[in-house]
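Hi,

Here's the structure I promised to pass along. Have a look at it first, then read on for my notes.

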Amino acid sequence: MKKITVNRELCDGCLDCQRACESLHESSRIAILEYESAFYPIVCQQCEGEPCSQICPVDAMSNEGVDSERCISCGLCSMVCPFGAITITPNTAEKCNQCVDREEGPACVQACSKRAISLVDIDKSKSNKQQEFIAKLAGNGENKSKKGSFVNVITAMGRSKQVLDE
């Protein structure tokens, strides 16, 4: 599963992402809002369980986007979206589908000159974090202590070995 993320440190609020999205669709499906001198993205998070899909009375909503032929623009999806990422127009609802129909990937990612917006593979990121954590536990990380690995410190076997070595 992939998600669009924004690095607040890099985002300067230029709104190139919004303009790129708007050029492909009737309106932008990403909004960058400023709060206390930082910029925050408002974009569909492709929720598991999709509250917008569950409440839609005509089954027009999914993580792949909105079926504009079915959508009656009732606004229920927008009301239940925990991120406020669904826009209601007079004819249909609109939400980000991560430009699944574009080979190049999301237009907002392509348009960001600061590279503040990216499409992150959540499963790959999780696996990398797990490997880093395991390396730290095994004592192969940068914070290797003199008396052995972190695992030795927190396990009973490690504690008993430490006592015997002293």
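Below is what came out of it, from the whole chain down to one serine.

First, the ground rules: this is a predicted model, so local features need pLDDT of at least 70 and side-chain atom pairs count only at pLDDT 80 or more, while totals for chains, interfaces and linings use all residues. Residues are numbered from 1 along each chain as its sequence is written, and side-chain values use heavy atoms, with hydrogens and water left out.

The chain has seven helices and eight strands (DSSP runs: H or I of at least four residues, E of at least two, numbered from the N terminus). Of its 166 residues, 32% are buried (under 20% relative accessible area, 1.4 Å probe, protein chains only). Take the contacts (heavy atoms within 4.5 Å) with a separation of 6 or more: 52% are between residues 24 or more positions apart.

Now the core. The largest nonpolar one (buried Ala, Val, Leu, Ile, Met, Phe, Trp, Tyr and Cys joined through side-chain atoms within 4.5 Å) holds 26 residues, and I30, I32, M61, I86, C108 and I117 touch the most other members. Strand 1 (2–6), helix 1 (16–24) and helix 4 (107–111) each put in at least two residues. Beyond four places in sequence, I117 touches I4, T5, V6, C17, I30, C108, V109 and C112.

And the serine: S73 sits in the loop between strand 5 (65–66) and helix 3 (76–80). Is S73 buried or exposed? Buried, because its relative accessible area is 16%. A polar atom of the S73 side chain lies 2.5 Å from the backbone oxygen of T89. Outside four places in sequence, S73 contacts I88, T89, P90, N91 and T92.

Cheers

Key:
Buried means under 20% relative accessible area, exposed over 50%, partly exposed in between (1.4 Å probe, protein chains only). A polar contact is a pair of N or O atoms within 3.5 Å; within protein, one must be able to donate a hydrogen and the other to accept it, and residues adjacent in sequence count only if both atoms are side-chain atoms.
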